[in-house]
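Visitor: Before we look, could you take me through the labels used for this model and show what each of them rests on?

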Amino acid sequence: MHIIPLQTNEDNAAMISDEKRFRYSVSASIEQMSPKTPFMLQGDLRESVDILKSLGYDAVELQIRNPCDIELNWLADFCEKNSFSVSAIGTGSEYTLNHLSLTSPDVQTRRNTLARMKEHIDLADYLKTDVIVGTVRGNLDPSLSKAQYTEYLREALTELCGYALPKKVNLVLEAINFYVTDFFNSVGQASEMVELVSASNFKVHIDTHHMAVEEADMIKSIEECGGRIGYVHFSENNRLYPGGNGLNFTEVMRSLVKIGYSGYIALECLPKPDGITGCKLGLENLRKFEGQI
Ligand SMILES: [Mn+2]
């Protein structure tokens with residue numbers, strides 16, 4: 001019998017070493033938000049997509065308030081004709097603008113949030129992309145214990161992963177720092193919830209801005225999380241585009257290659273000095289950092 005040796009992550013990294021290692025994206029909000037929100041592109045999505053394509057990005061991340069409220073047929077067409085993709089659908093507006101939460105003490109709010117998240121999953125199925133679980137997990141309501149909160153979230157994520165699996169949609173749980181959200185702040189804590197739900201389409205989503213607050217050693221955290229990482233946000237510790245302050249993105253990229261991650265890196269950054277300039281400088285720097293791996 002001929003036994004094929006298992007490939008290591010290092011082999012995978014070597015195999016793709018001559019190709020492009022990552023696909024680059026920018027998080028764009030369809031709502032016009034405040035300039036203090038980390039979306040370099042805001043408002044008209046066609047305009048944002050045109051800008052990203054012309055700058056040389058591979059994808060756009062969608063920040064949308066209502067997945068049923070917008071006409072997106074043109075986006076699927078555009079992606080197919082232009083080798084462009086949607087890297088993920090962000091669902092933070094469901095919490096910040098629509099006041100939905102997967103861990104609300106109110107059963108009807110939890111049901112409404114689940115129904116809405118299924119609409120995001122349907123949209124992700126249509127656009128061949130994944131869904132981010134960030135702030136929509138909700139903060140701890142004073143009437144709940146941490147154990148009850150964790151159980152509500154585990155139940156919700158289990159149901160959503162089950163719904164998304166036949167559609168080949170992944171869910172990713174973002175590790176968000178303590179001043180934004182109450183739980184799953186560090187990469188290790190997000191990994192624990194991913195282990196608890198234990199679904200093949202449920203992964204950890206890392207963000208360098210949050211990691212700069214939460215992780216004692218960003219590189220060690222990435223390597224420990226390893227194959228559980230399913231999506232990546234890049235932005236500086238002060239939320240500027242990569243290279244706008246001082247984080248060592250070359251090291252971060254090197255650790256991602258080491259664990260075999262070759263998916264999207266999406267920029268979730270403040271529109272500074274202005275959105276388009278941030279996108280342009282961010283991509284130039286990403287290519288420079290990638291060349292230094
Ligand atoms: Mn993020």
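Guide: In this predicted model, helix α5 (residues 107-127) packs against helix α6 (residues 146-164), at an angle of about 30° and with their axes 10 Å apart.

Visitor: Why are α5 and α6 called roughly parallel to each other?

Guide: Angles under 35 degrees count as roughly parallel, and the angle here is about 30°, so α5 and α6 receive that label. As for handedness, α5 passes α6 in a right-handed crossing. The contact is made by Arg110, Leu114, Met117, Lys118, Ile121 and Asp122 on the α5 side, and by Tyr152, Ala156, Glu159, Leu160, Tyr163 and Ala164 on the α6 side. Sorted by class, this contact has eight nonpolar and four charged residues, and no polar ones.

Visitor: Which residues coordinate the manganese ion?

Guide: The manganese ion is coordinated by Glu174 (OE), Asp207 (OD), His233 (ND1) and Glu268 (OE), at 2.0 to 2.2 Å. Along the chain, the donors follow the spacing E-x32-D-x25-H-x34-E.

Visitor: How do you know whether His233 is buried or exposed?

Guide: Buried means under 20% relative accessible area, and His233, at 1%, therefore counts as buried. Glu268, with a relative accessible area of 8%, is buried by that criterion as well.

Terms used: Residues are numbered from 1 along each chain as its sequence is written. This is a predicted model: local features need pLDDT of at least 70, side-chain atom pairs count only at pLDDT 80 or more; totals for chains, interfaces and linings use all residues. Side-chain values use heavy atoms; hydrogens and water are left out. Donors are N, O and S atoms within 2.8 Å of the metal (3.2 Å for Na, K and Ca); water is not among the atoms, so sites may look incomplete. Buried means under 20% relative accessible area, exposed over 50%, partly exposed in between (1.4 Å probe, protein chains only). Axes are lines fitted to C-alpha atoms, for helices over the stretch in contact, and angles run from 0 to 180 degrees between N-to-C directions. Helices (H or I, at least four residues) and strands (E, at least two) are DSSP runs, numbered from the N terminus. Angles under 35 degrees count as roughly parallel, over 145 as roughly antiparallel, 65 to 115 as roughly perpendicular and the rest as oblique. A crossing is left-handed if the near helix is turned anticlockwise from the far one by less than a right angle, and right-handed if clockwise. Contact means heavy atoms within 4.5 Å. Ala, Val, Leu, Ile, Met, Phe, Trp, Tyr, Cys and Pro count as nonpolar, Asp, Glu, Lys and Arg as charged, and the others, Gly among them, as polar.
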